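Good morning, and thank you for coming. Please keep the sequence and the structure in view while I speak.

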Amino acid sequence: MKILVAGWDSGGGVEAVQTVVRRAAARGHQVRVLGTEGLRSRFESASAEFRPYRYAPDNDCRPAATDLVREWEARTPLGVFARVRDRVMFGPAREFCRDITEELEREPADVVAVDTLIPSALSGAEAAGCPSVLLMHGPYLMPRPDAPPPGTGFMPARGPLGRWRDRAAAALIARVFRTALPALNQARAELGLPPVRGLADVMSAASRVLVCTSPGYDFAAGAVPANVRYVGPQLDDVSAGTWDDPGGSPLVLVGLSSTVMSHEEELLQRAAEALGRLPVRGLVTTGPAVNPAAIRAPANVSVRQWVRHADVLPYCSAVLTHGGHGTVMKALAAGVPVVVAPLGRDQPDNAARVVHAGAGVWVSKKAGVPALRDAIARTLDEPRYRAAARRMAATLAAERNEALVVDELELAAQSHSARRDPSWR
């Protein structure tokens with residue numbers, strides 16, 4: 001097949017899309033990626049042809065100066081939602097659609113795969129008559145029965161009051177996104193497409209919505225629309241054998257965001273200090289957004305910018321993370337309990353799933369050194385957390401099928417071809 005991917009620099013979510021691209025290319029498909037220039041090397045290393053957007057906005061969320069959303073400037077979670085909505089998801093709808101339609105005119109594709117943060121690009125594929133697939137980096141992101149609304153960090157509802165809470169929150173989220181529909185519908189009108197009434201209409205236009213997590217991890221995985229498929233975590237993290245662990249006291253890994261987020265440097269510093277008050281070995285990874293030299297580390301804590309998770313997690317006794325889906329999945333797949341300090345985005349939702357599984361604890365991003373120390377100590381000292389993490393590891397292993405995501409891309413293209421030509425084989 002010829003696969004066109006509409007990518008976006010979403011931080012940790014890039015790994016999921018990059019893994020899908022790598023797996024499709026390994027099966028022999030021709031993959032080309034439209035994306036922001038900062039993504040070029042990542043997708044070219046995954047054996048894809050890369051073409052930069054001509055009209056869509058540029059974005060590199062590793063340094064603050066080039067981050068398009070600048071979410072740390074928003075005062076509330078709804079303010080963050082509004083920024084993502086207006087600057088990424090729907091505000092530039094005309095530009096994303098123009099990039100997609102012109103690229104498909106230049107070279108047709110059998111299917112278009114779209115990053116979940118730019119759903120307006122689906123309309124470009126629709127206008128070109130090409131089947132499309134939406135790639136969700138983590139848990140399913142649409143409100144549905146029996147699951148808390150996305151972005152809230154709620155645990156599953158109990159009783160009438162909890163269900164009322166979920167309905168009220170879902171209505172508020174729908175209202176926030178509804179205000180963006182005029183921009184999307186204007187772009188659709190210019191393409192000769194009918195208007196949409198809400199996010200559900202946008203999602204239903206996709207042949208498939210591929211949820212890149214495990215159904216055993218998500219809430220209410222059985223209560224999703226018919227075009228939704230769980231394809232498992234897409235993690236491009238294979239051990240290179242570069243970590244030579246000396247053994248000794250328990251090893252605790254600290255890993256936060258790969259992009260700029262508020263409170264990140266301060267949380268890394270407090271985490272290092274908390275580890276200094278415990279009989280452990282600490283490994284703090286800062287990522288590209290924080291200079292390792294900025295962290296004052298106690299004698300039992302080492303600080304690095306980056307370590308391959310697959311190398312170090314087999315030796316870890318606990319992980320402290322912001323709750324990015326990739327880091328959480330890697331820790332749980334290794335059977336390692338997690339302390340989650342969400343900084344924003346989908347991270348409270350991942351924290352809720354960790355706590356619901358019993359595989360870790362949730363602390364505030366503003367937690368002080370004593371609270372962080374106590375949370376880490378609990379995950380180390382109470383066997384129930386490691387037992388729950390190992391149960392989740394077994395679930396993830398049982399549900400793992402690395403071929404499934406490419407199978408679904410192929411099926412999306414095949415079903416579209418069959419509808420257009422009943423004699424197609």
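Helices here are DSSP runs of H or I with at least four residues, numbered from the N terminus. With that in mind, Gln18 has its place in helix α1, which covers residues 13–26. Please note that this is a predicted model.

Is Gln18 buried or exposed? The relative accessible area of Gln18 is 7%, and buried means under 20%, so Gln18 counts as buried. Leaving aside residues up to four places away in sequence, Gln18 touches Arg42, Phe43, Ser45, Ala46 and Asp236.

I turn now to a pair of helices. Helix α3, residues 77–89, packs against helix α6, residues 159–178, at an angle of about 35°. Their axes are 10 Å apart, and the crossing of α3 and α6 is right-handed. Which residues make the contact? From α3 come Leu78, Phe81, Arg85 and Met89, and from α6 come Leu172, Val176 and Phe177. Sorted by class, this contact of α3 with α6 has 6 nonpolar residues, 1 charged residue and no polar ones.

Next, the strands around β6, which spans residues 208–211. Arg208 and Leu210 point one way from β6, Val209 and Val211 point the other way, and all are buried. Strand β5, residues 132–136, runs parallel to β6 and is joined to it by 4 bridges. Strand β7, residues 228–230, is also parallel to β6, with 3 bridges.

Finally, I come to an open sheet of 6 strands, with parallel pairing and the order β10-β9-β8-β11-β12-β13.

Helix α9, residues 264–276, lies across β8, β9, β10 and β11, running at about 170° to β9. Helix α12, residues 347–357, packs on the sheet and touches β12 and β13. The direction of α12 makes about 140° with that of β13.

Thank you for your attention.

Notes:
Residues are numbered from 1 along each chain as its sequence is written. This is a predicted model: local features need pLDDT of at least 70, side-chain atom pairs count only at pLDDT 80 or more; totals for chains, interfaces and linings use all residues. Side-chain values use heavy atoms; hydrogens and water are left out. Two strands pair if DSSP finds at least two bridges between them. Helices (H or I, at least four residues) and strands (E, at least two) are DSSP runs, numbered from the N terminus. Contact means heavy atoms within 4.5 Å. Axes are lines fitted to C-alpha atoms, for helices over the stretch in contact, and angles run from 0 to 180 degrees between N-to-C directions. A crossing is left-handed if the near helix is turned anticlockwise from the far one by less than a right angle, and right-handed if clockwise. Ala, Val, Leu, Ile, Met, Phe, Trp, Tyr, Cys and Pro count as nonpolar, Asp, Glu, Lys and Arg as charged, and the others, Gly among them, as polar. Buried means under 20% relative accessible area, exposed over 50%, partly exposed in between (1.4 Å probe, protein chains only).
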